[in-house]
Every structure is written in C-alpha cells, then in structure tokens.
Amino acid sequence: MRILITGGAGFIGSHLAERLVSDGHSVTALDDLSTGRRENVAALTGHNRFRFVEGTILDSMLVQDLADEAEAIFHLAAAVGVKLIMDEPSRSILTNINGTENVLKAALKDGKLTFVASTSEVYGKAQKFPFSEDDDLTIGATKNLRWSYASAKQLDEFLTLAYVRETQLPAIVLRFFNTTGPRQTGRYGMVLPNFVQSALEGRPLMVHGTGEQSRCFGHVADVVEAMVRLMTTPAAQGQVFNVANDQEVTIRSLAEQVIQSTGSSSEIRLVPYESVYPEGFEDMERRLPDVSKLERTIGFRPRRPLSEIIA
Ligand code: NAD
C-alpha cells in the first residue's frame, strides 16, 4: 500500500515507517521537524519506497495532495511533551485540532483507512481502573495543567468518530499510553529517557512527588506491531483502542530498575511537585489500561517486559 504518516520523523512515526517499508509498503513521512528529527529516518533515506516531506499538517493543501496519493494514513503529528504543552498551550490546541481536521478532511476522498493518535490523558483523573475504551471521559481542566493536550486530543477523538458516523470514513482511534524505546529523547519531559540519561552520566535521578505514582510502559516495537495488525483488521474500523502494555510500575521502582540495569552509582532524589511545576499541579496517580479489546480484536497485546524496554 501507499501510506502517509504525519509525524513520520518522530519517535513512533519513524519506527512505524521502518516497519511498513520493510513489509513492502511505500511510505511518505510528513513532518515539520518541531520535535521530530531527520536522523530518526536516516536509515530510510534514499530508499525507493520512502519519501520525506518537510511541511506542516496545518497546510491543508499539502495535506490534501499527500493524502490523495495515499491509500492509508497514520496521523501521528502533534504538539507533544509535558513541558512543551504546558509552556505553549495554544500551539497544542492549534496543531492538535486544526491539524487533525485537515487530515480527516483530506482522507474523505476515496474514504481512506485513517488512524488518529490519541492518548491516555483523555482519561483525565479517572478513578476507575483499569481504563476502558467505553469509560466516560472527564479531563478536569482546573488542576490539569496538561488540559490543552488532553482536551485537544479528546476533541480529535470526537471529530474522528463524527467522520466515521457521518461519512463512513474507515477511521481508527489509537489511545497510546506511555510508549518508549530507542530514539525517544528526554527533551520534552519523557521520564524513561531522562532517567537513563541521568544514570549513564552519574547524575541523580529526579523523581517527582513520592514516586508512588505508577505508569505502564510499552515498547514502541510492540505498539507498531499492534498498529500494523489493526491495518488488516476490518472489524477495527470505527473503533477506539487502548494501545498499551498493562504492566504497572511505580516511578520510584522504575528509577531503581534503571540504576540497576545501567550499573550506575546515581542516587534517587525525591523532588516536590511544587519545585518543578506551577502551583496547583496535580499528577495522575495511576494510568492503567484495559487492553482486552485490542487483544480480542487483533490477537496481540504489547507485553515486552520492562527490563527489555529499559535495555
Ligand atoms: P514525537 O514528538 O516524536 O512525534 C510527533 C511528530 O509530529 C514529531 O516528529 C513532530 O516534529 C511532528 N509534528 C509536530 N507538529 C507538526 C506539524 N504541525 N506538522 C507536521 N508535523 C508535526 O512524539 P511521539 O511520541 O512519536 O508521538 C506520536 C503521536 O503519539 C502523537 O500524536 C502523540 O500525541 C501520541 N502519543 C504518544 C505517546 C508516547 O508515549 N510516546 C503517548 C500518548 C500519545
């Protein structure tokens, strides 16, 4: 197939591009290189089934032209990273809502199979675990300093499902949880690359709050495997999926495991939220996905162990 990946020079996008090209597909990666990097797609440069286009998803004509050439679209481009979205909420809103609408509109011609990247943040501060795709979504914007990202992604989901309902667009929403692996950088606040970097340099690992908050980390190769299987599963169309590993780990334990596997002499330092984030910041204590729908639909769930992910 001819496939367009927006955000194709990003972390997940570049891994997906490599996998699709190696499976025999032709890939066009559209990216404005705001958080993505050309080096991410260096291995594909010059390949006759790969093309990189530098540009923005806010350019509706460019998006339409590239979509017209494609048979399927993975829409991964977004303003991401805790720090970036807290510093620039309006960028998050503009890119993540207008950009997504451009992609969905462009996909309408010939009704292209379209994947839209969402996030576990749409579950907000839900207290019912695990998070299931059918749960009601309440972001709680008052104390959620990532409200711009969470609400823009929620709107992306609503918009996508409206296109499915009203135009029969074969679209699929992917709710990614913490996805990590090679090429992810800590520049925008991603915890695992930051810990690894600190451990390798012998600096303290800064754990925010008590460290008892937990997350589930999935390996990018597992996430890509799920995406590729969803492509060939017609029953997945029009649906929302948690795409995640459901093995839970506290952030303190994550720091300990990073120190252990790197053989580092770094110490763990607990840092109060107030000294890192603006007043009133409240973290999400847990983010635990229910991945049974994904497994039922494609016969696969991300389950690579944390030790392998850290390595
Ligand atoms: P990333 O920052 O590496 O990828 C995003 C890419 O989009 C970057 O290459 C960036 O340059 C590009 N981009 C940003 N604005 C653009 C624009 N206006 N036009 C064109 N390109 C633009 O991050 P990622 O982790 O690979 O995230 C990919 C997608 O998955 C995003 O939609 C993100 O919200 C979602 N997601 C990721 C995670 C995770 O843990 N990695 C978790 C939840 C959701």
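Predicted model: local features only at pLDDT ≥ 70, side-chain atom pairs only at ≥ 80, totals over all residues.
1. The structure contains an open sheet of seven strands, paired in parallel and arranged in the order β3-β2-β1-β4-β5-β6-β11. Strands β3 (50-54) and β11 (240-243) form the edges; each has a single partner strand, so one side of each lacks a neighbour within the sheet. From one strand to the next, the twist averages 20°.

2. Strand β6 (residues 171-176) runs parallel to β11 and is joined to it by four bridges. Within this pairing, valine 173 has valine 240 of β11 as its bridge partner. Helix α1 (residues 11-22) packs on the sheet, where it touches β1 (2-6), β2 (26-31), β3, β4 (72-75) and β6. The direction of helix α1 makes about 170° with that of β1.

3. Strand β8 (residues 205-208) and strand β13 (residues 268-271) are linked by four bridges in the parallel sense. Histidine 208 stands opposite valine 271 of β13. In a regular strand, side chains alternate between the two faces of the sheet. In β8, Leu205 and Val207 make up the covered face, whereas Met206 and His208 make up the uncovered one.

4. The ligand is surrounded by 29 residues, of which the closest are Phe11, Asp31, Thr35, Tyr149 and Thr179. Helix α1, strand β5 (113-119) and helix α5 (147-167) each contribute at least two residues to this shell. Strand β5 supplies the largest share, three residues.

5. For glycine 10, a backbone N or O atom lies 3.2 Å from an oxygen atom of the ligand. For serine 34, a backbone N or O atom is 3.1 Å from a ligand oxygen atom. A nitrogen atom of the ligand, in turn, is found 3.2 Å from a polar backbone atom of aspartate 32. Taken alone, the ligand exposes 820 Å², and the protein buries 93% of that area.

6. The side chain of asparagine 40 reaches the backbone oxygen of alanine 9 at 2.8 Å. Leaving aside neighbours within four places in sequence, asparagine 40 is in contact with Ala9, Gly10, Phe11, Ser14, Glu18 and Arg183.

7. Glutamine 154 is placed in helix α5, one of the elements that supply at least two residues of the ligand shell. With a relative accessible area of 12%, glutamine 154 is likewise buried. Not counting residues up to four places away in sequence, glutamine 154 touches Val122, Leu137 and Ile139. Between glutamine 154 and asparagine 242 the separation is 88 residues in sequence and 14 Å in space, taken from C-alpha to C-alpha.

Notes. Residues numbered from 1 in each chain as written. Heavy atoms only, no water. Pairing = 2+ DSSP bridges. Axes fitted to C-alpha atoms, helices over the stretch in contact; angles between N-to-C directions. Contact = heavy atoms within 4.5 Å. Polar contact = N/O pair within 3.5 Å; in protein donor to acceptor, adjacent residues only side chain to side chain. Near = heavy atom within 4 Å. Areas by Shrake-Rupley, 256 points an atom, 1.4 Å probe, with all protein chains shown as cover. Buried < 20%, exposed > 50% of the residue type's maximum accessible area, 1.4 Å probe, protein only.
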